[in-house]
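Q: Please take a close look at one part of this structure, the surface that faces the DNA. Then connect that part to the way the chains are put together.

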Number of protein chains: 2
Amino acid sequence: MPDTASPSTLPRANVEAGPARLLRIQEVAAEVGLTTRSIRYYEEMGLLEPAARSDGDYRLFDPSDLDRLRFIKRLRDDAGFSLSQIGQLLEDEAARERNRERLRTTTDPDERRAILTDALGRVERQLETLDAKAEALNTMLDDVRARRLRLRSLLDDLDRGPVVTEASPASGTR
Amino acid sequence: MPDTASPSTLPRANVEAGPARLLRIQEVAAEVGLTTRSIRYYEEMGLLEPAARSDGDYRLFDPSDLDRLRFIKRLRDDAGFSLSQIGQLLEDEAARERNRERLRTTTDPDERRAILTDALGRVERQLETLDAKAEALNTMLDDVRARRLRLRSLLDDLDRGPVVTEASPASGTR
DNA sequence: CATGACCTTTACGTCAACGTCAATGTGATC
DNA sequence: GATCACATTGACGTTGACGTAAAGGTCATG
């Protein structure tokens with residue numbers, strides 16, 4: 001029984017969940033809204049590695065690759081990170097997934113703890129990066145909201161009654 | 001009596017508030033943390049216009065120019081906007097300041113209302129732009145926080161007691 | 001008025017992030 | 001097994017956002 005693909009917005013390894021139909025680059029591009037060139041470029045930059053290659057060396061992408069590409073796109077478009085910054089974040093991601101493998105293969109509690117602690121540290125760093133950006137953005141948002149408030153109250157004043165701004169006694173007079 | 005410059009983080013026109021010492025490009029660059037090249041480039045791109053020029057055509061910047069440059073820098077570094085996007089936002093800014101001039105020179109309530117409404121609309125659009133970005137960022141932040149939570153609980157489990165991930169034949173009570 | 005630090009414009013160089021051929025190979029279909 | 005859409009790897013072109021050097025003007029100071 002083929003499991004219905006559970007959609008996820010997060011990059012997650014498709015851990016031993018069956019073959020799960022591999023896509024070629026053009027389908028992937030259409031699916032995630034990137035160009036084939038960009039996808040190849042991201043691979044060249046080390047941001048991802050296609051799940052497999054065909055006999056004739058065609059790139060073959062699995063669902064987790066799609067998630068990863070969507071994640072990259074979000075970081076690029078929404079957050080405005082550079083590819084090298086994204087590389088930092090995804091490097092951590094990749095390490096995390098490698099560690100997930102090891103986590104499942106080891107039973108030594110100490111090693112498990114070490115791996116988890118390591119992963120936690122990387123996530124914390126990701127959080128710091130994103131948080132800093134979000135905070136800066138929110139500050140700017142507050143500034144603009146303040147301006148909006150001022151404009152609104154000016155308009156209210158205007159509607160409520162004739163303004164007594166009285167400041168230019170000889171306006172236009174020379 | 002020279003008024004002490006009131007610091008503001010927002011770009012605001014220095015409305016008839018006295019001469020207020022004009023700075024040359026290098027001082028400005030040092031002050032706001034940009035290169036002179038960038039400042040000239042921003043002018044070339046139409047993001048700002050120095051308050052004045054000296055006899056010998058030196059660019060001369062007033063405090064509101066500095067605020068504007070700081071604003072540009074924040075949009076670029078913190079929010080990750082491109083210069084053309086910043087141009088959109090600042091185009092609105094420029095129009096707003098021109099309108100502020102007209103606001104002070106007209107007494108016609110209808111015209112004032114029109115100008116204010118116009119300005120309000122532009123600020124709303126700025127808000128939309130910034131809001132969209134902030135929302136996207138917050139979504140990503142939530143995702144990462146969720147991952148952190150999962151890692152923490154895994155670590156907690158590990159600390160609290162031996163995990164029963166699998167049948168470990170070696171240890172434990174028989 | 002000479003000097004040196006700073007400014008001007010002009011113009012070419014650079015790096016990231018792709019776009020766009022070109023030459024060639026693949027693979028499902030008729 | 002020929003076809004044709006899609007794939008591959010170069011390699012060069014382009015755009016944005018500056019860096020940097022050249023050839024000169026400006027301005028406060030000795």
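A: By class, the surface near DNA strand D is made up of five nonpolar, seven polar and seven charged residues. Here Ala, Val, Leu, Ile, Met, Phe, Trp, Tyr, Cys and Pro count as nonpolar, Asp, Glu, Lys and Arg as charged, and the others, Gly among them, as polar. A residue is near a strand if its C-beta atom, placed from the backbone, lies within 6 Å of it. This is a predicted model, in which local features need pLDDT of at least 70 and side-chain atom pairs count only at pLDDT 80 or more, while totals for chains, interfaces and linings use all residues. Residues are numbered from 1 along each chain as its sequence is written, and chains are lettered from A and ligands numbered from 1 in the order in which they are written.

Around DNA strand D there are 19 residues, and those that come nearest are A:Gln26, A:Arg59, B:Arg37, B:Gly56 and B:Leu83. At least two residues of this surface come from each of helix 1 (25–32) of chain A and helix 2 (36–44) and helix 4 (83–105) of chain B. Helices are DSSP runs (H or I, at least four residues), numbered from the N terminus. Helix 2 of chain B has the largest share, three residues.

DNA strand C also has 19 residues around it, with A:Arg37, A:Gly56, A:Leu83, B:Gln26 and B:Arg59 nearest. Two or more residues each are given to this surface by helix 2 (36–44) and helix 4 (83–105) of chain A and by helix 1 (25–32) of chain B. Helix 2 of chain A supplies the largest share near DNA strand C, three residues. The classes near DNA strand C are five nonpolar, seven polar and seven charged.

The relation between the chains comes next.

Chain A puts 40 residues into the contact and chain B 41, where two residues are in contact if their C-beta atoms, placed from the backbone, lie within 7 Å. On the side of chain A that touches chain B, helix 3 (63–78) and helix 5 (109–160) each supply at least two residues, and helix 5 gives the most, 29. That side has 21 nonpolar, eight polar and 11 charged residues. Of the interface residues of chain A, 95% are also interface residues in chain B, so the copies meet through the same surface.

Helix 5 of chain A and helix 5 (residues 109–160) of chain B have axes that come within 7 Å and cross at roughly 165°. Axes are lines fitted to C-alpha atoms, for helices over the stretch in contact, and angles run from 0 to 180 degrees between N-to-C directions. The two helices are therefore roughly antiparallel; angles under 35 degrees count as roughly parallel, over 145 as roughly antiparallel, 65 to 115 as roughly perpendicular and the rest as oblique. Their crossing is left-handed, a term for a near helix turned anticlockwise from the far one by less than a right angle, with clockwise being right-handed. This contact has 32 nonpolar, six polar and 16 charged residues.
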